[in-house]
Amino acid sequence: MVSHISLPGIDTNALRLLFANNQLLGLLDIFSGGTLANFSILALGLGPYINASIIFQLLTIVIPKLEELSKEGDWGREKLNQYQRMAAVPLAAFQAFGMISILRGQTNPTIVTDTSIFSIIAMVITMIAGTIFLMWLGELITEYGVGNGISLLIFAGIVARLPISMFQTASIADTLNFMNIIVFIIMAVAVIAGIVMVNEATRKITVSYARRIRGGSGVGSVQSHIPLRVNQAGVIPIIFAVSLVLVPSFLGRFLITLTNPGLAQFGRTLDNVFNPNGLTYNITYFLMVVIFTYFYTAVTFNPVKIADEIKKQGGFIPGIRPGKPTSEYLNRVLTRITLAGAFFLGAIAILPSIARQITGINTLAVGGTGILIVVSVILETSKALQAQLSMRNYDEFV
């Protein structure tokens with residue numbers, strides 16, 4: 001409901017017309033949850049918070065104090081999250097001013113009807129407040145709900161836009177080749193099946209625990225396993241990559257509105273080079289997804305820590321010595337299986353461009369990325385619900 005409250009001084013009809021004819025803005029609208037097309041008070045979406053998270057993920061590796069803070073358990077993570085929320089505010093102010101400046105430069109049709117300084121400041125403050133509201137809402141969902149609140153909010157925004165995309169596709173069905181529609185449906189089904197398979201695929205590392213003496217009698221060795229997922233990072237690399245890959249185009253459109261000829265020309269160059277239909281954009285997008293997959297996997301899975309825990313519990317991987325050789329083995333296996341997951345995520349990221357070239361359907365341009373997020377969030381949420389139900393049934397049994 002809040003996403004339908006438009007900012008004052010904006011011609012929403014002219015804005016929707018602009019979004020309908022611009023794929024880059026349409027992609028931004030998807031990840032803002034459909035709030036950008038009507039320029040609501042939630043127009044920025046969770047973009048500033050996601051960018052702040054990326055910055056602090058990188059700083060955690062560079063700055064030792066932040067790295068120590070990340071290892072302080074729940075208290076340290078809460079502190080880092082607080083810093084991220086604080087950093088999201090100036091980022092939101094910068095993005096809000098940039099968006100308004102870009103829209104002010106649109107004169108055919110005119111979108112910003114009130115260009116006074118007080119109106120611009122009021123718009124920027126309102127958009128910052130909308131981002132803060134979404135961050136608060138996401139934290140509440142994470143704390144009192146099921147699953148990651150930020151991912152669920154993005155999921156809700158994508159699902160809310162699907163009926164509109166379907167209606168737009170149906171409205172131009174007469175101009176489309178029937179065979180292209182069939183091919184598109186087959187591609188969509190294949191993508192969903194592939195996402196489920198890759199998300200659920202694991203490499204099980206066998207761990208044996210030494211023979212123990214209990215009550216004067218020996219207990220045989222026990223075997224367990226460590227499940228290493230092919231897609232250890234989940235949906236996060238796509239969210240990170242799409243937040244950064246849009247920055248050059250966004251910056252280029254902002255520079256075009258400036259009066260300096262050199263900066264304006266540089267802005268036009270950026271906008272042309274990083275056009276979503278261009279080769280440079282898709283290669284950059286693919287590489288960033290691969291890099292972020294490895295980066296986030298390294299952040300969430302620590303082979304040294306896992307190897308130390310196995311050693312302390314008297315366990316070992318058959319054929320591998322405990323300690324450093326175990327951590328090196330885990331790191332080697334994880335690097336290899338992550339390569340398959342990273343390339344799969346990269347292929348999904350650039351799938352819309354491939355689908356457009358094959359089928360000519362533009363109304364579902366972000367299908368690959370959207371389906372990835374939707375399917376991944378559904379799988380994670382269903383697992384969280386199953387865990388909650390199992391815990392509740394176990395408590396009742398006890």
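## Strand pairing

In strand S4, His-225 is the bridge partner of Thr-206. S4 covers residues 222-229 and runs antiparallel to strand S1, residues 202-209. Eight bridges join the two. Strands pair here if DSSP finds at least two bridges between them. Helices (H or I, at least four residues) and strands (E, at least two) are DSSP runs, numbered from the N terminus.

S1 also pairs with strand S5 (residues 315-316), again in the antiparallel sense, over two bridges. Gly-315 in S5 is the bridge partner of Tyr-209.

## Basis of the model

The model is predicted: local features need pLDDT of at least 70, side-chain atom pairs count only at pLDDT 80 or more, and totals for chains, interfaces and linings use all residues. Residues are numbered from 1 along each chain as its sequence is written, and side-chain values use heavy atoms, with hydrogens and water left out.

## Salt bridges

A search of the whole structure finds two salt bridges. The criterion is a side-chain nitrogen of Lys or Arg within 4 Å of a carboxyl oxygen of Asp or Glu. Glu-78 meets Arg-85 at 3.4 Å, N to O. Glu-139 also bridges to Arg-85, with the closest N and O atoms 3.7 Å apart. This pair links distant parts of the chain: Glu-139 lies in helix H6 and Arg-85 in helix H5 (residues 73-104), 54 residues apart. Shared partners join Glu-78, Arg-85 and Glu-139 into one network.

How accessible is Glu-78? Its relative accessibility is 43%, so Glu-78 counts as partly exposed. Arg-85 is partly exposed at 23%, and Glu-139 is partly exposed at 22%. The classes are buried (under 20% relative accessible area), exposed (over 50%) and partly exposed (in between), with a 1.4 Å probe and protein chains only.

## Nonpolar cores

The largest nonpolar core has 50 residues. Leu-46, Ile-154, Tyr-285 and Ile-373 touch the most other members. Helices that each supply at least two residues include H3, H6 (117-144), H7 (149-171) and H14 (324-359). Helix H12 gives the most, with nine residues. A second, separate core of 21 residues includes Ala-92, Ile-100, Ile-111 and Ile-120.

A core is a set of buried Ala, Val, Leu, Ile, Met, Phe, Trp, Tyr and Cys residues joined through side-chain atoms within 4.5 Å.

## Nonpolar surface patch

Ile-55, Leu-59, Ile-61, Val-62, Ile-63 and Val-299 make a nonpolar surface patch of about 480 Å². Helix H3 (residues 47-62) gives the most to the patch, with four residues. Ile-55 sits in H3. Its relative accessibility is 39%, so Ile-55 counts as partly exposed.

Patches are made of residues with over 30% relative accessible area and no salt bridge; like charges are joined within 9 Å, nonpolar side chains (Val, Leu, Ile, Met, Phe, Trp, Tyr) within 5 Å. Accessible areas come from the Shrake-Rupley method with a 1.4 Å probe; for residues, only the protein chains shown count as cover.
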